[in-house]
Structure formats: C-alpha cells, structure tokens
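Please consult the sequence and the model shown here while reading.

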Amino acid sequence: MNNRISLRTITAFTSGFLLLVFLSGCKYLHIDVANISHPPEVGSLNLLAETFDLANVGYENSEYFISGNASAFTNINEFSVKGKWLAEPTEQAQYKTRIVVHRPVDPADFSGTVMVEWMNVTAGFDVPFSLAAGHNEIYRSGHIWVGVTAQKVGIDGSVNGLAPLHLKAVNANRYTELNHPGDSFSYDIFSQVAGVLRNPQEIDVLAGMQAKHLLAMGQSQSANRLTTYVNAIQPLYNAYDGFILHSRTINSSSLSQSPQPDVQTPPAPQIRKDVNVPVMTFQTETDVTGLGYVAARQDDSKHFILWEVAGTGHIDNYMVGFGRSDSAGAAEFAEVAEVSSVFGLVNCDQPINAGPVHFVFQSALRAVNTWIVGGHRPPAAERLNLVSASTYALDTNGNATGGVRTPYVDAPSAILTGKFNTGDAFCSLVGTTELFDASLMASLYTDEAGFVAAVINTTQNAVNAGFIIEQDGEAIIQWAPQQWQAQQ
C-alpha cells in the first residue's frame, strides 16, 4: 500500500468498524529516513545531567545532530477518553535537532536495550528527569540511553524559562544550525530517532552496537506527549517496544497545535486497551492528586500497568540535585534530609521531598525491560488510598497509605508528601519533607537498633514484592544507622 495513503479517503467509503479491520491488516507506515551529522567542534555538548565522569561507570557521552523532513498529524476519528485514536500524517517540514547518547565503552557490556528519553522542557531547556531518577540502573545494566531534543523550546527557549539554558543561549556557535518547525512535528521526530537506532547509518550513533529493543520514556510534560504518542502514533509506525510514562498529569498533549491546525486531546485520557506493546504509567503522589491523574486512572490490562508510589513528589531532591553526583548507588544517597533550595535557582518555603522515587523508578526500569524482552510482567501494585480526589488516606504518622510501599513510608523517619510546596516557581512540583524529631523516633523505634530492624524488615518486603532492587535495598539498610544518628 502507499505509505502516505489518506485514511480520510477510506473513511469516506467505509464504516468505522471496517476501517479498523482495514488498518489491522495493513503494514505499519514507513518511518522517514533521517540524516545524522556531527555538531561543530565548538565547545561541548550542553545537558543538565550527571556531574560525575561517565568513564567512571564505563560509559562515554556523544552528541549528534539529526535532520530530515518530519510530518505533523491530524485526527481521523473523534478522540475519546478511551484512547483509541486514529491519526494520519499531514504536512511536512524540515527540521534539525540533536540527540545525546550515553553508551558503554565496551560493546560487550551492552544489554541490547536502548532507553530513549523525550527530554522535558518545562523549565525552558532540556532536562532528562527520567535519566536523573534511573541512571544507576541504566549504567549498571548496560543499557544505552538516548536523550532527544524533541521540542522547539529545547533549542530556542521560552519566555517563561527558569534560566537561559536552552541550546542556542548556552552555545550559539555550536547549535546555530538547529531548526525546529514546531511541536506539531515532534512526534514524527521522535519516531525518526527510533528509525536511526534500528537502522544504523554511516555515522552510527550506537558505535556498532545493535539495538534489539527500544524503550521510550519521558517525565511530566514529556509523559503527556508520550501518552498522545502511544494512543495516536505508535499504532501507525510501531516504532518502540515499550513505554514508561513517568509522572503524567490528568491530560495528554495536543496532537497538533498552532501554527498547524489545533487538534486537542480529551481531558483525562486513558491508554488504549489494544496497545500492542508494554506500557507502564509511573506516578507519584503529586501526580495522582495535585496534577489530577486520578481522573485518568485505569485498571491494569494485558499491556498496561500502573504504579503509584507512596511518599513521593513529582520531582524530588534526588532528581533535581542530590542524585546528580551518584555514580554507584552509594548508601549516602538513601538519606532523608531537609533541603529547600535547588542550586539557588528555586527556593521553596518547605523542605523538598526526599523520598524513594529513584529507588522505585530503577526497579520500574528493570521490570519493564524484562517485560519488553519477553520475560514476566512487572508486579501489580495497589493504588494509593484516597478519601477524596485531592486528599490521601494517611497513616498515624502522616504518610499516605496504599500504593507502592517502601521503607520510607513503612519504617519512616519523616512525613514525605507530594503536596504542593510554596515559594518560587516550580516549588509546587517538589513535594515536602518533615523529619521526625528525636522524641518521635524514640517512641516509634525505641533506639537505633529498633529503627535499623524496622528498615531491614520493610526493605526486604519491598525487595520481595519487586518494588526495590536488592542492590538498592542494601544501600537503604546500610544508611539506616546514619539516618537515626542524624535525627538525635
């Protein structure tokens, strides 16, 4: 069949049912071939990511420019909350953007899985929040990580940006040739990255390593865009083998927006039940209530699973700062501490959430990778317990009940919430931490030995349940005595 056949023409002669039958018998649309080039040798790549040397974990860091003609899309059917959306390509535009690749130095260390992140641009520049939460698992398991500047803001910035850290502001000489026609074309750009990874070119971004599986992920706004991608674009191209929608909100992103025709998606859409690859939606407390995801909750199904994690914020202290120097999952990164500022750029009135997002997200990465390579599906998780759409059912210590359980809430040293913080812009997303004082710690655990015993027991429960990786559980247990001593 013609790769660009108009599905609108088909709908003029057939019912919606026959159209679905027709689509099920078609081959997937061909992903347009993108071009790969090296950036100018002016300065170095710009990305607010880890602060340690990747060579210390056996990795190397490279940047490439990717260019070509990308399509925008329009809808065929009326988009419903059930997510069974039909779309087709429309106009094309030229683009040139960049990708960043973290790959093992030794090809023998490569797992075969490439984790492709739609980088977040809410702050006005690229931020790889999923890498921030999960980098230890990515590196120790030998995965390749690819960060995609999929949206225009990453290149050109925005008037509401937190700081002038978009590419053309940081290094105009290096990035001057980049050109993004607008976010209507971002979905096809993301598909073309998958095409490059599966079909190496003369400039091979994987340096000779063969991608067997592609796992797409993105956090917050990026998760909203991937929700639209899963429902409308994945059925067209089958570009990815699985998805992690990391902290999505109540909504998904528009399929198309100005200056192209505005194609909105409905409020609170679910993931389509006939999705053909594994999809995990990974949610924090902030996401479920404060950002309204509760209205889009759905039951687990053949290719869909939902994890909601107790004691967590949309972004937290580890993701925005503390964890950037964590190269090996050292015990000190299990600390619960009261920190109110992010590099002096964001200052909040209450301490930022210091909960277990990164530990559970690392387990999610491992579980979903196992799933997409043909192994068992991730363990099912309880939903967080609510007394209303905006209020959690709390335990006697003040922490949320239900959801994915960890020692941070089952042997707590603090009240950890996803509620909106106050202060500078973005503080609403970072949750809160309120450490217990020495008298409350003593009333709960008697002494250090009692606290350590409780941490050991609850950590083992989380490991056995599949929500914390054993190696990470060891770090949590190792830190427990120091946590007790810090609160005396």
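Glu177 is partly exposed, with a relative accessible area of 34% (partly exposed lies between buried, under 20% relative accessible area, and exposed, over 50%, with a 1.4 Å probe and protein chains only). Its partner in a salt bridge is Lys96, and the closest N and O atoms are 2.4 Å apart (a salt bridge is a side-chain nitrogen of Lys or Arg within 4 Å of a carboxyl oxygen of Asp or Glu). Because Lys96 lies in strand 3 and Glu177 in the loop between helix 6 (172-175) and helix 7 (186-198), the pair ties together parts that are 81 residues apart in sequence. Lys96 counts as buried, at 19% relative accessibility. Helices (H or I, at least four residues) and strands (E, at least two) are DSSP runs, numbered from the N terminus.

The model is predicted: local features need pLDDT of at least 70 and side-chain atom pairs count only at pLDDT 80 or more, whereas totals for chains, interfaces and linings use all residues. Residues are numbered from 1 along each chain as its sequence is written, and side-chain values use heavy atoms, with hydrogens and water left out.

## Further salt bridges

Side chains of opposite charge can pair when their charged atoms come close. A search of the whole structure finds 15 salt bridges. One of them joins Arg103 to Glu60, with 2.8 Å between the closest N and O atoms. This pair links distant parts of the chain, since Arg103 belongs to strand 3 (residues 87-104) and Glu60 to strand 2 (residues 59-75), 43 residues apart. Arg103 is buried at 8% relative accessibility, while Glu60 is partly exposed at 29%.

Glu308 and Arg297 also meet through their side chains in a salt bridge, at 2.8 Å from N to O. Glu308 is in strand 9 (residues 304-309) and Arg297 in the loop between helix 9 (285-290) and strand 9, so this pair ties together parts that are 11 residues apart in sequence. The relative accessibility of Glu308 is 0%, which counts as buried; that of Arg297 is 22%, which counts as partly exposed.

## Nonpolar cores

The largest nonpolar core has 67 residues, and those with the most contacts inside it are Val114, Val146, Tyr240 and Phe243 (a nonpolar core is a set of buried Ala, Val, Leu, Ile, Met, Phe, Trp, Tyr and Cys residues joined through side-chain atoms within 4.5 Å). Helix 8 (residues 221-237) gives the most to this core, with 8 residues. Apart from this core lies another, of 49 residues, among them Val127, Leu131, Cys348 and Val404.

What does Tyr240 contact, leaving aside its neighbours within four places in sequence? Its partners are Val116, Phe190, Val193, Ala194, Arg198, Leu214, Ala216, Tyr229, Gln234 and Val277, where contact means heavy atoms within 4.5 Å.

Helix 3 (residues 129-140) is mostly covered, with 11 of its 12 residues buried. The buried residues include Phe129, Leu131, His135, Glu137 and Tyr139. Gly142 follows helix 3 and has a positive phi, near 80°.

The axes of helix 7 and helix 8 come within 10 Å and cross at roughly 65° (axes are lines fitted to C-alpha atoms, for helices over the stretch in contact, and angles run from 0 to 180 degrees between N-to-C directions). From helix 7, Ser186, Tyr187, Asp188, Phe190 and Ser191 meet Arg225, Leu226, Thr228, Tyr229, Ile233 and Tyr237 of helix 8.

## Two buried residues

Ser67 lies in strand 2 and is buried, with a relative accessible area of 15%. Beyond its neighbours within four places in sequence, Ser67 is in contact with Ala34, Asn35, Tyr95 and Lys96.

Phe436 is found in the loop between strand 15 (432-435) and helix 13 (438-445), and counts as buried at 6% relative accessibility. Not counting residues up to four places away in sequence, Phe436 touches Asn397, Pro412, Ser413, Ala414, Ile415, Met441, Leu444 and Gln487. The C-alpha atoms of Phe436 and Ser130 are separated by 29 Å, and these residues are 306 residues apart along the chain.
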